[in-house]
Amino acid sequence: MKKIFLTAAGLVTLLQSFAQKTKDSTGFESRKLKIEEVNLVSSYYTQDGNNAAVTGGIGSEKLTDIANVFDVKLAMYDKKMRKHTFDAEVGIDHYTSASSDMIDLKANSSASHSDTRFYPSLNWSVENDAKGRTVGAALSFSNEFDYRSFGGNIIFSQKTKNRNGEFTAKFQTYLDQVKLVAPIELRTGGTQRHYDYPTTARNTFAGSISYSQIINERLQIMFLADIVQQQGYLSLPFHRVYFSDATVHQENLPSTRLKIPLGFRANYFLGDRFIIRSYYRFYTDDWGLTSHTANIEVPIKLTPFLSVSPFYRYYSQSAIKYFEAYETHTEQDQFYTSNYDLSKFTSNFFGAGIRFAPPKGVLGEKHFNMIELRYGHYIRSTGLTSDIISINLKFK
Amino acid sequence: MIPQKIKKNLIIMLSIITTSLLAYSCTTVKEYQKNRLNDGEMGLSNRKIEKTELSFQAYREGSSGANAGKSGGGCGCN
């Protein structure tokens, strides 16, 4: 907590040093790069269950994760008065996992019981307000011990003539490398040292389109559709599968996967105090998984600057064709997994958030624009439960 | 080649979306009428504070995407 406040104090000082007027009395917009917004999001996540994929669908799923994301958005206008926005983000997660520790079944606290994930990204976009058009591009990187990813995307959006609708198209790609860390008893040629692990590719190509529409002064909706093609090594090498004859194998899943999620959002401002945020997603893929997600959140404005937001999310999915429980798969199966994340289940996620954005700034500091806290509890029908608490500090 | 089951589900979903679109008769809302729509909690995108939630859902569930965020790849998730 002390670190968060020290970081916050540092950000306020930084913002004060960058602060400048963007418009003078003649309406002239500054062409200098200025900080638009800074966000710091910290989360603590913890889960427990008894279906760890590392131990073949049995065993502890206990895991904790501390995530911190620092995000700075900068903007400037060019000679043609187009707005350029640059968004730099750095994320660091540190997690401990009881199941990852079981890559070596005899270890009590092996090197794999914890890891740190580092994921910076850089987004750029240029908005032509006169034409209602925005184009942009982004690059991302993610690294943890057994996984490395390079990502990129390009985006195009066009508003309708009356500025009440907007069409967006996006193409994303992730070129990933999976380190082949096998369960220790399945390694050949003795125990490998860290730098000996071979790697293999997992590539993802995704096309996304969305259309948002203002219906009236209180209601706006959005349709979203993705088509995602993944290819390469789509299993995880340290996931064990125990066959009915008690033999142990590495998870083996097909090398391609086609995913099609379709989503719908509708947000409605009810009266002067209530907002209804709703979301529904239908998902299907060629591994046989079909899912439905429904989410509702109702921010209640206690004052114009203070709101509480209870939320509820329901999720259900069917199992993929290649899932079976511990000691159920047979030698006849070409593909196999005992990962319960791909099994049939339903889940409920509920909680609440509180958001405070006073006009004179939080604690009277004008650049400290908003503070938000959110807690959620997750229950899955397989027995897995988790809790998450997050805080967002926003500076402007 | 899209499998038959996926095709069937897609047709059903697209029919629902098209019907919904046709059912709406939108009115043009002027900029000065958008004070409620411009409220910080009325945005149609994910909020910053949801970032870790969406990430753990992508790990713990078999589906992802159609939320203007990641739809696969970039992590050791499903």
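A salt bridge here is a side-chain nitrogen of Lys or Arg within 4 Å of a carboxyl oxygen of Asp or Glu. By that rule, a search of the whole structure gives 20 salt bridges over all chains.

Some ground rules. This is a predicted model: local features need pLDDT of at least 70, side-chain atom pairs count only at pLDDT 80 or more, and totals for chains, interfaces and linings use all residues. Residues are numbered from 1 along each chain as its sequence is written, chains are lettered from A and ligands numbered from 1 in the order in which they are written, and side-chain values use heavy atoms, with hydrogens and water left out.

Now the interface. Contact means heavy atoms within 4.5 Å. On that basis, 56 residues of chain B touch 97 residues of chain A. Together the two chains bury about 6400 Å², with 54% of it on carbon and sulfur atoms. Buried area is the accessible area, taken with a 1.4 Å probe, that two parts lose on being put together, summed over both.

How many salt bridges cross between chain B and chain A? The rule finds 11. From chain B, α1 (4–23) and α2 (51–60) each supply at least two residues of the side that touches chain A. Those helices are DSSP runs of H or I, at least four residues; strands are runs of E, at least two; both are numbered from the N terminus.

Next, individual pairs. Start inside chain A. D285(A) and R257(A) meet through their side chains in a salt bridge, 2.8 Å from N to O. D285(A) lies in strand β13 (residues 274–285) and R257(A) in strand β12 (residues 256–270), so the pair ties together parts 28 residues apart in sequence. Both are buried, where buried means under 20% relative accessible area, exposed over 50%, and partly exposed in between, with a 1.4 Å probe and protein chains only.

Now across the chains. K301(A) and D39(B) form a salt bridge at 3.1 Å, N to O. K301(A) sits in strand β15 (residues 300–303) of chain A and D39(B) in the loop between α1 and α2 of chain B, so this pair joins two chains. K301(A) is buried, at a relative accessible area of 8%.

Another crossing: E61(B) with R313(A), closest N and O atoms 2.9 Å apart. E61(B) is in the segment after α2 of chain B, and R313(A) is in strand β16 (residues 306–317) of chain A. Both E61(B) and R313(A) are buried.

Last, a network. Salt bridges link R277(A), E297(A), E372(A), R374(A), R47(B), E50(B) and E53(B).
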